[in-house]
Amino acid sequence: MAVALGVVAKALFRAPTGTRDILAPESARRRRLVSVFADLAERSGFGQLESPVFEDIGVFQRLGAASEIVTKELFEFFDKGDPPRHLALRPELTASVCRAFAEHRPTVPWKIWYSGSQFRYERPQAGRYRQFEQVGVETLGTDDPHADVEVIGLGMRFYEALGLKQVRLLVNSLGDADSRPAYDAALAAYLQGRRGELSEQSRVTLERNPLRVLDSKRDQDQPVIAAAPLMVDFLSGASAEHFATVRDGLDRLGAAYEISPRLVRGLDYYTRTTFEFAADALDTAQNAVGGGGRYDALVEELGGPPTPGIGFALGVDRILLACDAEGAFAAAPTPVDVFVVDVAGGASAVVLCDRLRQAGFGVDRAFDGRSMKAQMKRADRSGATVAVIVGPDEQAEGTATVRDLRPGGGQNRVTQHDLVPAVAKLLEGTTS
Ligand code: HAM
């Protein structure tokens with residue numbers, strides 16, 4: 001058999017379908033967004049939870065057999081254990097939070113925030129990825145409707161903090177264990193009666209979970225959905241009262257919201273309050289920039305004590321698309337303060353960069369023994385305010401030339417020993 005030797009074509013790898021590399025300055029913008037969220041959450045008494053990126057697949061299967069996230073979109077795998085464990089990358093964090101609650105039994109109310117990547121095997125398109133980032137909060141251990149208001153209000157204030165103006169809040173109640181059976185029966189009977197008019201996919205969904213048919217975006221299903229019975233007409237007294245208190249709290253916060261009686265979320269665990277944030281600046285198919293609700297039975301389903309919960313997750317990727325569309329929360333390059341130019345061999349730059357960085361300045365430099373002209377060009381491009389220049393004369397004297405790169409800025413020579421205070425004086429009032 002002939003073996004081809006010599007030239008082997010090298011594969012050009014690309015990021016896997018549905019994933020992306022996030023380069024600077026966009027990566028810095030995302031970090032800033034998470035830090036705005038973290039500040040808001042911590043000021044509201046939420047502590048950060050970091051949980052594993054993968055879990056036993058059973059944790060996510062509790063999210064509901066009728067949800068596509070569980071039936072079609074899990075990234076699942078077996079590890080090298082003997083016997084191998086069946087695991088899955090997390091498609092969302094609420095199930096992991098409930099698993100962690102059942103495992104650690106913290107005192108309640110347990111208020112946590114999180115941020116991180118989620119993984120869903122979806123058909124990628126603008127605003128829909130297979131790896132995407134969420135920030136979110138969860139409050140476990142209380143079913144006080146004011147906890148719902150606190151959570152929803154936090155989401156609202158976060159969008160405001162980013163400068164987004166076109167985000168609408170949609171709220172609904174899916175009722176409790178006392179109201180759901182009657183509604184589910186009425187809805188199932190209605191949908192069965194009009195089964196022939198539904199799309200093929202919705203007919204399949206109908207067999208699994210009639211409620212999820214209401215979430216269909218297919219044109220063919222819309223007339224049937226529009227005339228379907230509404231949950232609000234079936235709420236038990238307690239559920240109706242809970243929903244009224246939530247609405248009253250939102251009114252007190254001055255929150256503009258719409259009651260959206262057909263709002264059904266893509267996960268099966270919701271009870272009572274559900275809500276979504278829709279960005280009008282985005283295409284309707286991907287305009288949900290966040291969503292959440294109550295899940296009063298989930299902790300118990302994961303083996304914990306009966307524990308009500310409420311929370312939300314916001315999609316960082318989509319929020320940034322909405323910011324782009326609205327011209328809010330712009331990406332900003334992060335310039336350094338000082339650029340060190342060394343045309344005397346480079347050894348001085350090694351030490352001076354280190355000294356200036358230790359003094360707290362942002363400092364960059366060039367490599368490869370580039371010419372003075374090339375290094376000065378790099379200094380200009382770096383956005384630095386000050387250039388520190390070491391040529392053969394400075395090298396011999398143990399000095400450095402400090403040049404103010406701002407228009408009309410001068411320069412002077414200082415001993416390397418006095419460099420840090422000289423730079424500090426020039427930068428006074430410019431650094432954060
Ligand atoms: P979710 O509605 O599945 O809820 O996701 C929340 C947000 O994550 C969405 O509104 C959207 O902004 C973003 N998102 C979802 N899938 C993708 C995707 N493929 N690409 C980009 N962004 C996406 C949950 O995940 C629940 N855990 C929320 C929750 C918390 N409920 C109670 N607590």
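Author: A patch takes residues with over 30% relative accessible area and no salt bridge, joining like charges within 9 Å and nonpolar side chains (Val, Leu, Ile, Met, Phe, Trp, Tyr) within 5 Å. Accessible areas come from the Shrake-Rupley method with a 1.4 Å probe, and for residues only the protein chains shown count as cover.

Keep in mind that this is a predicted model, where local features need pLDDT of at least 70 and side-chain atom pairs count only at pLDDT 80 or more, whereas totals for chains, interfaces and linings use all residues. Residues are numbered from 1 along each chain as its sequence is written, and side-chain values use heavy atoms, with hydrogens and water left out.

Lys373 sits in helix H14 (residues 372–381); helices (H or I, at least four residues) and strands (E, at least two) are DSSP runs numbered from the N terminus. Lys373 counts as exposed because its relative accessible area is 69%, where exposed means over 50%, buried under 20% and partly exposed in between (1.4 Å probe, protein chains only).

Now for the charges that do find a partner. A salt bridge here is a side-chain nitrogen of Lys or Arg within 4 Å of a carboxyl oxygen of Asp or Glu, and that rule gives 27 salt bridges. One of them joins Glu26 and Arg29, at 3.2 Å from N to O. Both residues lie in helix H1 (residues 26–43), 3 residues apart, which is about one turn of the helix. Glu26 is partly exposed at 25% relative accessibility, but Arg29 is buried at 3%.

Next, Arg85 pairs with Asp79, and their closest N and O atoms are 2.7 Å apart. Arg85 is partly exposed at 49% relative accessibility, and Asp79 is partly exposed too, with a relative accessible area of 23%.

Then there's Glu150, which bridges to Lys111 with the closest N and O atoms 2.8 Å apart. Glu150 belongs to helix H5 (residues 145–162) and Lys111 to strand E5 (residues 110–119), so this pair ties together parts that are 39 residues apart in sequence. At 35% relative accessibility, Glu150 is partly exposed.

Salt bridges can also link up: Asp143, Asp148, Arg272, Arg294 and Asp296 are connected in a network of them.

Asp342 lies in strand E12 (residues 338–342), and it is buried because its relative accessible area is 7%.

Val53, Phe54 and Phe77 make up a nonpolar surface patch, with about 240 Å² of accessible area together. Val53 is in the loop between strand E1 (47–48) and strand E2 (54–56), and is partly exposed with a relative accessible area of 36%.
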